[in-house]
Amino acid sequence: MKILGIESSCDETAAAIIEDGQKVLSNVVVSQIDIHAEYGGVIPEIAARSHIEAINPVIEKALKDASETLDSIDAIAVTHTPGLVGSLLIGTLAARTLAITHNKPFYPTHHLKSHIYANWLSGYNPEFPLLAAVVSGGHTQIIYMERHDHFEIIGTTRDDAIGECFDKVAKILGLPYPGGPNIAKLAENGDANKYHLPIPQVGGLDFSFSGLKTAVLRAVQHEVGKDIHTPSTELKSLLTAQQKADFAASFQKTAVDILIKKLQKATELHPETKSILLAGGVSANELLRTELHKAFDKDFQVFVPDMKFSTDNGAMVASAAYYSIQAGEKPTDPYSLDISPRSIIC
Ligand code: KG4
Ligand code: ZN
């Protein structure tokens with residue numbers, strides 16, 4: 001079964017053709033990172049406008065790269081939740097139109113579910129039950145999956161998402177958007193033990209990342225001898241390159257530690273777990289990948305998505321839709337689909 005997957009929930013316009021959930025026939029991603037970097041973050045109106053320009057050429061290229069046509073594919077899947085309203089509208093409108101005009105079965109897909117299924121795209125077949133750590137710019141969740149297409153949130157953030165925390169700490173240090181990759185790069189030259197940042201004490205499997213961001217800010221203020229009223233624009237100019245690298249490394253280590261500790265707790269609560277998966281943009285983080293393998297390789301199968309499927313793409317959307325279809329999901333009427341900027345995975 002060949003599925004066209006379309007993704008436009010944030011700042012990537014993407015389309016892909018995937019056969020039977022795993023075989024990547026094409027994967028086209030147009031990123032708006034350069035456009036938003038100028039503003040230090042994603043500007044929703046600009047994101048929506050950029051999606052309008054990119055969506056048709058991206059879908060056409062995905063079909064061409066796969067040597068397919070809209071007639072030869074079997075279904076169309078699209079991200080309809082969660083995400084930026086204007087961004088979601090463009091992808092879903094394009095997908096709905098194609099489904100209607102070409103009479104194709106139509107499957108709206110949850111973005112976080114898609115991130116989890118990025119793991120199947122690299123040819124892996126993780127064994128169930130599994131624990132998936134969904135770590136992205138908007139979400140931080142531990143999800144327990146007993147079988148395909150069955151999601152139970154067992155831990156979630158009470159405030160900021162881990163990716164958001166990377167992005168905010170990057171801003172404090174004066175690094176460009178997106179913060180995650182820039183923090184990781186800078187951390188290569190830093191001493192991760194230089195600054196001691198506290199691990200938040202949150203009950204159960206839940207997370208809190210806003211305190212960590214504030215802890216970095218306070219440590220920076222202390223380091224440069226300024227008080228809490230000093231504007232952050234002034235703070236970053238007072239830090240030396242080495243201090244910035246040490247802060248990046250210390251923060252990254254703490255954020256990774258927090259996640260690994262909670263996952264360890266999750267495996268204690270679910271000793272029947274067979275596999276542990278990473279999903280979402282922060283899964284591109286090398287330290288997180290290494291530490292995850294170190295912590296769990298002995299007792300579990302550990303999976304991290306191929307780098308090109310870590311951040312937003314259409315391939316994971318098609319893969320997630322395929323496994324939903326296998327689990328019995330029926331097509332949705334493209335005329336009646338609505339987007340939903342916020343929603344939990346279910
Ligand atoms: O999944 P994603 O592409 O979009 C959302 O669904 O949110 O994730 C984007 C997030 C951003 O916060 C970005 O800073 C983070 O993923 N990210 C990273 C790395 N690459 C991307 N965080 C840490 N290390 C990285 N190498
Ligand atoms: Zn995402």
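These legends go with a few close-up views of the predicted model shown above.

Local features are taken only where pLDDT is at least 70, side-chain atom pairs count only at pLDDT 80 or more, and totals for chains, interfaces and linings use all residues. Residues are numbered from 1 along each chain as its sequence is written, chains are lettered from A and ligands numbered from 1 in the order in which they are written, and side-chain values use heavy atoms, with hydrogens and water left out.

**View 1. An open sheet of five strands.** The strand order here is S8-S7-S6-S9-S10, and the pairing is mixed. Strands are DSSP runs of E with at least two residues, helices are runs of H or I with at least four, and both are numbered from the N terminus. Two strands count as paired if DSSP finds at least two bridges between them. Look at S8 (152–156) and S10 (301–303): each has a single partner strand, so one side of each has no neighbour in the sheet. From one strand to the next, the twist averages 20 degrees.

**View 2. Where S9 meets S10, and the helix that packs on the sheet.** S9 (residues 275–279) and S10 run parallel, joined by three bridges. Leu277 sits opposite Phe303 of S10. Helix H10 (residues 286–296) packs on this sheet and touches S6 (130–135), S9 and S10; contact means heavy atoms within 4.5 Å. The direction of H10 makes about 170 degrees with that of S9. For angles like this, axes are lines fitted to C-alpha atoms, for helices over the stretch in contact, and values run from 0 to 180 degrees between N-to-C directions.

**View 3. Strand S5, well covered.** Five of the five residues in S5 (residues 106–110) are buried, meaning under 20% relative accessible area with a 1.4 Å probe, protein chains only (exposed is over 50%, partly exposed in between). Phe106, Pro108 and His110 point one way, while Tyr107 and Thr109 point the other. In a regular strand, side chains alternate between the two faces of the sheet. S5 also pairs with S4 (residues 75–81) in the parallel sense over five bridges, and Val78 has Pro108 as its bridge partner.

**View 4. The largest nonpolar core.** A nonpolar core is a set of buried Ala, Val, Leu, Ile, Met, Phe, Trp, Tyr and Cys residues joined through side-chain atoms within 4.5 Å. This one has 48 residues, and Leu173, Ile183, Phe251 and Leu292 touch the most other members. Helix H9 (241–269) is among the elements that give two or more residues; H9 gives the most, with eleven.
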